[in-house]
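Trainee: Please pick one part of this model and take a close look at it with me, giving the cut-off behind each term as you go.

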Amino acid sequence: MNMEQRGEALMNKPLYVVDFLPEQVPEHSRGQFFAVEEYFLDEEEDRRLFRRFLRILLKLNCYYDFTVDRDGVERKNPSPKKLKKWVRACREGEQEYLRVFLNDGETMLSLHTGELCMGVFNPDEHLRALLEQLAAAEGLHFWQNHKWL
């Protein structure tokens, strides 16, 4: 199974997110979610958020081997500089997504252009605990979601 097929299969597994919000906003919330989302999609805010995602990925790579799928190109344990370049390219829309596979391809972390969270598909208990700590250290939240955006 190639990385594209593996990624599609994992999108049907339990989903968690690393997010700037502590929980999902209810569908009929009286708040200003879309106005706030637009603010965070501003270049400066978006850059800060993706920088936090990068730091989480780099710290996570201290504990896990990575296979990174960048628009169909695979690389095992890319250098921090290379990963930074790829995360930036995803944030800037030069590539649609960046997928990071862990646990022999059983878990996937996913960044997408224009999204303000990082998807985490099928994490085991240890990875969930670690991501909760890493997200908190970056001022972010880690929680279970029920569907990809």
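This is a predicted model: local features need pLDDT of at least 70, side-chain atom pairs count only at pLDDT 80 or more; totals for chains, interfaces and linings use all residues.

Mentor: Happy to! Residues are numbered from 1 along each chain as its sequence is written, and side-chain values use heavy atoms, with hydrogens and water left out.

Let us come in through the second largest pocket, with a volume of about 150 Å³. A pocket here is an open set of points on a 1 Å grid over the protein atoms alone, where a 1.4 Å probe fits, with protein on both sides within 12 Å along at least five of seven lines; lining residues have an atom within 4 Å of a point. Points are joined across faces, edges and corners, and the volume is the space filled by probe spheres set on them. The lining consists of Arg 47, Phe 50, Arg 51, Leu 54, Lys 84, Val 87, Arg 88 and Arg 91. Two or more of these residues come from each of α3 (43-60) and α4 (80-91); helices (H or I, at least four residues) and strands (E, at least two) are DSSP runs, numbered from the N terminus. By type, the lining has five charged residues, three nonpolar and no polar.

Next, the sheet. Its seven strands form an open, antiparallel arrangement, in the order β3-β2-β4-β5-β6-β1-β7, where pairing requires at least two DSSP bridges between two strands. β3 (73-76) and β7 (141-145) are the edge strands with a single partner each, so one side of each has no neighbour in the sheet. Ignoring direction, neighbouring strands are turned by 20 degrees against each other on average; axes are lines fitted to C-alpha atoms, for helices over the stretch in contact, and angles run from 0 to 180 degrees between N-to-C directions.

Within this sheet, β4 (97-102) and β5 (107-112) run antiparallel and share six bridges, one of them pairing Arg 99 with Ser 110. α4 packs on the sheet, touching β2, β3, β4 and β5 (contact means heavy atoms within 4.5 Å), and its direction makes about 135 degrees with that of β4.

Six of the six residues of β4 are buried, so this strand is largely enclosed by the rest of the structure; buried means under 20% relative accessible area, exposed over 50%, partly exposed in between (1.4 Å probe, protein chains only). Tyr 97, Arg 99 and Phe 101 point one way, and Leu 98, Val 100 and Leu 102 the other. β2 also pairs with β4, antiparallel, over three bridges, with Thr 67 opposite Phe 101.

Finally, the turn: β4 and β5 form a hairpin with four residues between them. Asn 103, not a glycine, has a positive phi of about 50 degrees and, at 25% relative accessibility, is partly exposed. Asp 104 lies in the loop between β4 and β5; also not a glycine, Asp 104 has a positive phi of about 55 degrees and is exposed at 79%.

Definitions and conventions. Ala, Val, Leu, Ile, Met, Phe, Trp, Tyr, Cys and Pro count as nonpolar, Asp, Glu, Lys and Arg as charged, and the others, Gly among them, as polar.
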